[in-house]
Amino acid sequence: MPKSVLQFFTASQKGDADAWADAFEEHATFHDPVGADPIEGREAIRAFVKSVIPSFDPFLGLTPTEAHIVGNSVAVSWRGAAVSLDGKSVNWAGINVYEIGETGLIREAKAYFNRSVFEAQLQ
């Protein structure tokens, strides 16, 4: 798995928003999930991640389960886990597709998961 994609997952598991965002190129795009408005630029990605992590204690992050690499494209299936501040367990899964830029960092990431399944667990 490319170093930047591994960094994406490792940072999520550590709850490290800065390392998570630093896996992306400066002008990267993150679709989280696909269908939502894309997050444009590393600093916007950093702000997004910093806004999500504090809503959980703990935020256990995303664990990759399988990866497929073709050229500069990487598709990774994953499972996510967290506990909301009011004690609700949240488990979700999906597939991310990454395009790696010439810098070796993520140029674009597309997260495919059902947001309504995630949100229903918080109700």
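Good morning, colleagues. Please keep in mind throughout that the model is predicted. I begin with the overall architecture. The protein contains four helices and six strands, and along the sequence these elements follow the order α-α-β-β-α-β-β-β-β-α. The C-alpha trace spans about 45 × 25 × 25 Å along its principal axes. For 123 residues, a compact globule would have a radius of gyration near 14 Å, and the value for this protein, 14 Å, therefore agrees with that expectation. If we take contacts between residues at least 6 apart in sequence, 51% of them join residues at least 24 apart.

The protein exposes about 6500 Å², of which carbon and sulfur atoms supply 53%. As for charge, there are 10 positive and 16 negative charges, and their mean positions lie 3 Å apart.

Now to the interior. Buried residues make up 39% of the 123. In soluble globular proteins, nonpolar side chains tend to be buried together. Here the largest nonpolar core has 31 residues, and those touching the most other members are F8, W20, F24, W92, Y98 and I106. Several elements each supply at least two residues of this core, among them helix 1 (3-14), helix 3 (42-52), strand 3 (56-70) and strand 5 (89-100).

Which residues does I106 touch, beyond those up to four places away in sequence? They are S4, V5, F8, A23, F24, E25, A28, Y98, E99 and I100.

Is L62 buried or exposed? It is buried, because its relative accessible area is 7%, and the cut-off for burial is under 20%. Setting aside neighbours within four places in sequence, L62 contacts F8, F9, S12, Q13, W20, W78, R79, G80 and W92.

Finally, the backbone. Most peptide bonds are trans. Where does this model have cis peptide bonds? One joins D32 and P33, with omega about -5°; P33 sits in the loop between strand 1 and strand 2 (39-40).

Definitions and conventions: Residues numbered from 1 in each chain as written. Predicted model: local features only at pLDDT ≥ 70, side-chain atom pairs only at ≥ 80, totals over all residues. Heavy atoms only, no water. Rg over C-alpha atoms; globule rule 2.2 N^0.38 Å. Buried < 20%, exposed > 50% of the residue type's maximum accessible area, 1.4 Å probe, protein only. Contact = heavy atoms within 4.5 Å. Areas by Shrake-Rupley, 256 points an atom, 1.4 Å probe, with all protein chains shown as cover. Lys, Arg positive; Asp, Glu negative; His and termini not counted. Charge placed at Lys NZ, Arg CZ, Asp CG, Glu CD. Core = buried A, V, L, I, M, F, W, Y, C linked by side-chain atoms within 4.5 Å.
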